[in-house]
Amino acid sequence: MVGEILSVRDLYLYYRVRAGLVKAVDGVSINLYNDESLAIIGESGSGKSSLARAFLRLLPKNVHRFEGSICINGEDVMRLSDEEFNSRVRWNKISMVPQASMNALNPVIKIGEQLAEPLIIHRNMSKSEAVDKAKEMLKFVGIPQEFTDRYPFELSGGMRQRVVIAMALITQPSIVILDEPTSALDVLTQANIMNLLKKIKTDRKISYIFITHDIALSSEISDKIAVMYAGQIVEYSYAEKFYREPQHPYSQLLLSSVPTLREERTVKFIPGEPPSLLNPPPGCRFHPRCPYAMDVCRREEPPIIHMERGSYVRCWLYAKG
Amino acid sequence: MLKDEYAKPCNLNDILCIRGLCVWHPIRKFLTISGYVRALDDVNIDLEKGRILAIVGESGSGKTTLGKTILKIYQPTKGRIIYDGKDITHIKGKEIKWYRREVGYVQQDPYGALPPFMNIREILEEPLIIHEVPKSDRITRIRETLEEVKLIPVEDFINKYPHMLSGGQQQRVVIARALILRPKLIVADEPVSMLDASVRIEILTLFRELQKRRGLSIVYITHDLSTAKYFSDKIAVMYAGHVVEMAQTDKVLSKPMHPYTQSLIKAIPDPDPRNRTLFREVPPGEPPSLLNPPPGCRFHPRCPYAMDVCRREEPPIVEVNGVHLVKCWLYG
């Protein structure tokens with residue numbers, strides 16, 4: 001479709017472990033148009049980081065099943081060989097700020113040189129050219145020029161986070177995946193980084209895929225929301241709709257567990273534990289915790305119910321007839 | 001200097017009253033002391049019996065140091081800590097052992113706080129052995145406490161090892177361990193920051209229940225103002241080793257007085273699709289080094305209202321409307 005930057009159909013990613021198969025991503029479909037940003041929210045162990053790694057094909061050795069289609073700008077990148085994927089897609093079209101990466105900067109390389117590395121590898125630039133580019137990029141993310149020659153330990157947490165964001169942007173990809181980019185930062189630094197991300201989005205026309213378990217924070221940079229539960233997307237919706245009228249019972253409970261500062265309402269928690277991805281419950285995976293669970297939910301997997309503008313919900317409550 | 005001017009006497013009914021507390025960690029070079037990290041400077045806290053006090057601050061603000069000083073893990077450099085009408089600043093030996101029974105501790109990271117080679121029964125029995133609870137009573141105590149933290153049915157958990165439990169269940173075990181000696185005060189240091197949103201609410205709801213049922217007083221240390229709103233009666237906001245504001249929770253949140261509290265509240269999002277188009281006002285810069293804090297008010301380099309006096313002199317603690325304490329020249 002025109003203007004569609006990312007389209008994922010029936011993506012599966014299973015890992016093999018001694019105890020069996022871990023169904024980390026189980027039939028995920030999403031689509032994203034130009035300049036749109038998507039937030040993927042879910043509890044820990046719901047498969048959101050696995051989904052992000054699947055987009056970049058950064059997979060561990062024990063993958064059992066990895067199939068489906070991932071189209072970026074209309075091209076199915078799942079058909080590319082590993083070499084082609086690395087030279088044409090990874091960091092050129094889609095890049096990532098991995099979880100806790102600000103603490104994974106190489107301690108013995110100056111930040112300017114580290115930042116230049118993607119350009120040398122993915123754009124075949126000479127080192128001096130790349131370092132010049134890196135200086136520009138540092139300025140863009142709000143780090144003064146003189147920091148180019150410093151080492152990571154000389155920077156504060158917020159500044160290191162700016163460096164890894166710069167690293168994801170330096171090759172000018174059209175999609176940037178942000179995996180919990182602010183989870184280790186203080187409240188004020190977090191607000192600063194979110195401001196920066198919003199500025200980048202308007203300046204550079206970038207689409208973000210923002211992975212977080214913080215529902216309040218997800219509203220900061222998302223046009224669309226995907227709620228993950230036990231390896232599946234149970235609701236895919238637009239921000240305006242999602243924060244006001246969540247459809248899936250899990251989304252409703254998740255939103256009611258968010259403490260709000262300005263609004264007066266009671267907070268509730270979801271009883272029970274999320275299921276194991278090794279052996280998810282039959283039928284709907286949420287049925288053991290769902291207040292509306294019916295007979296059919298225990299037996300059969302719920303269908304995807306499509307709603308307006310490509311949003312959908314995976315729940316028997318919305319099935320007609 | 002206006003230091004030590006806040007000398008409001010302690011109320012004898014308070015469970016905890018702290019006056020002028022300083023904790024300075026010396027920096028040693030060879031045999032000399034080259035300086036101090038002023039982790040806490042002139043801290044004053046009052047906590048009434050049966051209430052929850054939230055200590056809110058960023059990392060490095062001294063909130064964990066305050067918690068550990070209350071627990072007598074750190075020895076204060078200056079100042080007094082009055083627990084239940086008794087000065088415990090300099091207690092030793094047997095009295096320390098008594099104090100350890102009175103005050104429980106819930107650590108930040110449940111995954112690291114439980115010994116992996118002991119099962120739940122052994123973990124909970126340990127404090128009972130140390131405090132010489134007779135053997136016949138121990139198992140009933142363990143069962144009661146597990147029921148109290150809702151690890152039921154008890155049989156399913158009592159012989160398990162920590163790695164067999166989820167994060168939320170592990171945190172319940174940590175809470176059970178803090179409760180088993182029947183303390184009157186609990187210091188909970190970021191008890192939910194490692195947990196998922198829904199599990200957070202579950203654990204904090206448990207704290208509220210314990211407070212109501214047992215009349216427990218709780219010091220809840222957190223960086224998250226929005227959970228403090230729901231699960232505390234009183235908030236103390238810390239910045240760079242100082243308590244800059246202290247009042248009832250609703251007062252702090254509805255009428256924040258200190259510029260730091262105001263910016264903290266502005267920086268926290270609520271789930272709202274309108275946030276996407278909004279830029280948040282954030283004070284520039286970073287919290288100061290505690291080795292060499294700025295003169296005057298420690299927030300002045302970042303404060304939008306900074307005046308001349310703020311750069312020169314430390315602000316006094318001002319009581320506004322009798323109940324709202326704020327350490328700021330704007331009100332002095």
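Let's start in the core. The largest nonpolar core has 183 residues. The residues with the most contacts inside this core are A:L115, A:A166, A:I177, A:V227, B:V219 and B:Y220. Keep in mind that this is a predicted model.

What does A:V227 touch, leaving out residues up to four places away in sequence? The list is A:I41, A:G42, A:I233, A:V234, A:E235, A:H248, A:Y250, A:S251 and A:L254.

Now the two domains of chain A. Their centres, taken over C-alpha atoms, are separated by 25 Å. Where they meet, 14 residues of domain 1 are in contact with 13 residues of domain 2. On the domain 1 side, β7 (175-179) and α6 (187-204) of chain A each supply at least two residues. Which element gives the most to that side? It is α6(A), with five residues. By class, the domain 1 side has eight nonpolar, four polar and two charged residues.

Staying in chain A, look at helix α1, residues 48-56. Its buried residues are A:K48, A:S50, A:L51, A:A52, A:A54 and A:F55. Just after α1(A) comes A:R57, with a positive phi of about 55 degrees.

Next, how do the chains meet? In chain B, 33 residues are in contact with 36 residues of chain A. Three helices of chain B, α8 (197-214), α9 (225-231) and α11 (259-267), each supply at least two residues of the side that touches chain A. That side of chain B divides into 15 nonpolar, nine polar and nine charged residues.

Last stop: a sheet in chain B. Eight strands form an open sheet, and the pairing is mixed. The order is β6-β7-β8-β3-β9-β10-β12-β11.

β11(B) pairs with β12, residues 324-327 of chain B, in the antiparallel sense over four bridges. Look for B:E319 there: it stands opposite B:L325 in β12(B).

That's the tour. Thank you.

Conventions. Residues are numbered from 1 along each chain as its sequence is written. Chains are lettered from A and ligands numbered from 1 in the order in which they are written. This is a predicted model: local features need pLDDT of at least 70, side-chain atom pairs count only at pLDDT 80 or more; totals for chains, interfaces and linings use all residues. Two residues are in contact if their C-beta atoms, placed from the backbone, lie within 7 Å. Ala, Val, Leu, Ile, Met, Phe, Trp, Tyr, Cys and Pro count as nonpolar, Asp, Glu, Lys and Arg as charged, and the others, Gly among them, as polar. A nonpolar core is a set of buried Ala, Val, Leu, Ile, Met, Phe, Trp, Tyr and Cys residues joined through C-beta atoms within 7 Å. A residue is buried if 20 or more other C-beta atoms lie within 10 Å of its own, exposed if 12 or fewer, and partly exposed in between; C-beta atoms are placed from the backbone. Domain bounds come from an automatic or database domain assignment. Two strands pair if DSSP finds at least two bridges between them.
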